[in-house]
Amino acid sequence: MGFDLDTVRVSALPDGAFYISDFVTEDEEDWLVQKVTSAPLPRWTQLSHRRLQTWPSALTKNNTLLASPLPTWLVSTIGPRFKDLGIFNDAPHQAPNHVLVNEYQPGQGIMPHEDGAAYYPLVATVSLGAPIVFDIYEKYGPEQGQGQESTGGAAAQTARKPKPKYRILQERRSLLITRGEMYTDFLHGIAEVTKDEELGPDSICNWNLLREKEAYRGGWYERKTRISLTYRDVLHVTKAGNAMKFLGGR
Ligand SMILES: O=C(O)CCC(=O)C(=O)O
C-alpha cells in the first residue's frame, strides 16, 4: 500500500530501527491479549524474570524449526500489515515463521542479550497492555563489561551494571522493527524495575515518534503487565519426515 518506512525511522539509532506507535487498534489489542492470556498453562514457560510462549514450537538444538504454521490469531491481523510494510520481503521465507510471546510483570525484564544466528536478522515486536523501555547496549563497548567474570557475585555485577547506549520507549499497540546492524551489532534488554524513569526527548531515542508523549511528561511511569509478540524468520526449517530421520527413524 506504499507505506513509507522512512517516515517512522528511529533516526537517532544506527540504520535499522523503525517505530509505528499505533500498529494495532485498542480492540485488536484486547483480542490479542485475551488470546495470549487464555492459552493453556502448559503453553507457558515460566522463566525466573518473565513468562514465555513459543509458537509454533521451540527450535531444535541445532536451531532448526520443525515446519508448522503459526496459529491464525498471531497472523490474521498482523500478517497482512507486515506484507503491506514489506518488512520481511528480503527474509528467506518472506514472512515470519516463529513468534516468541513474552509477558513481563512490574519488576521483571530480560538481561542484555543478542538473538543470534538462528534467525534472519530482523525482529518485529508488537507491544500490548502497557509501555516499557527497551534498552540497547553496545556489544563490544566498555560499558558492556567485556571480560565480566562469571564468578563476580551480586555486588560486582551491580557495580558493573552496563549502561544502555540507547533507550526506546515501546508504547502499547506499537510496532518496533529492528534489523540489520541493530540486530547484529548490539545487545538488547529490559531492566527489572517497577518504574521506567528519566524519560524525555534527550534520553528516549524514539521520542518524536511517540503517540502519547503527554503520559510521560513527568519523566516516569509505573510499569504494568506488558506483553510482547516478537515475530521472526527462522533460517533453517525442516519438514516432519526429515525430522524423523534426524531422530533416527527410517
Ligand atoms: O519483549 C521484548 O520486547 C524483547 C524480547 C526479547 O528481547 C527477546 O525475546 O529476545
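How many of the five residues of strand β9 (residues 166–170) are buried? Four of the five are buried, and β9 is therefore described as mostly covered; a residue counts as buried if 20 or more other C-beta atoms, placed from the backbone, lie within 10 Å of its own, as exposed if 12 or fewer do, and as partly exposed in between. This is a predicted model, in which local features need pLDDT of at least 70, side-chain atom pairs count only at pLDDT 80 or more, and totals for chains, interfaces and linings use all residues. Residues are numbered from 1 along each chain as its sequence is written.

**The chain and its confidence**

- The chain contains six helices and 15 strands; helices (H or I, at least four residues) and strands (E, at least two) are DSSP runs, numbered from the N terminus.
- Of its 250 residues, 33% count as buried.
- Among contacts between residues at least 6 apart in sequence, 84% join residues at least 24 apart; two residues are in contact if their C-beta atoms, placed from the backbone, lie within 7 Å.
- The mean pLDDT, which is the predictor's confidence in each residue from 0 to 100, is 89 for the chain, and 87% of the residues reach 70 or more.
- Over residues 145–159 the pLDDT is below 50, and this stretch has five contacts in the model beyond near neighbours in sequence.
- Where pLDDT is low, predicted coordinates should not be read in detail.

- Strands of a sheet pair through backbone hydrogen bonds, either parallel or antiparallel.
- Strand β8 (residues 132–138) is joined to β9 by five bridges, and the two run antiparallel; here I132 stands opposite Q170 in β9.
- Strand β8 also pairs with β11 (residues 186–190) in the antiparallel sense, over four bridges, with Y137 opposite L187 in β11.

- Five bridges connect strand β3 (residues 50–55) with β5 in an antiparallel pair, in which R51 has E103 as its bridge partner.

**The surroundings of the ligand**

- The ligand is surrounded by L100, N102, I110, D115, T125, F134, H188, S228 and T230; a residue is near a molecule if its C-beta atom, placed from the backbone, lies within 6 Å of it.
- The elements giving two or more residues to this shell are β5 (98–104) and β14 (226–232).
- By class, the shell has three nonpolar, five polar and one charged residues; Ala, Val, Leu, Ile, Met, Phe, Trp, Tyr, Cys and Pro count as nonpolar, Asp, Glu, Lys and Arg as charged, and the others, Gly among them, as polar.

**Residue V75**

- V75 is located in helix α2 (residues 72–75), and it counts as partly exposed because it has 17 C-beta neighbours inside 10 Å.
- V75 and Y231 are 156 residues apart in sequence and 9.7 Å apart in space, C-alpha to C-alpha.

Conventions: Two strands pair if DSSP finds at least two bridges between them.
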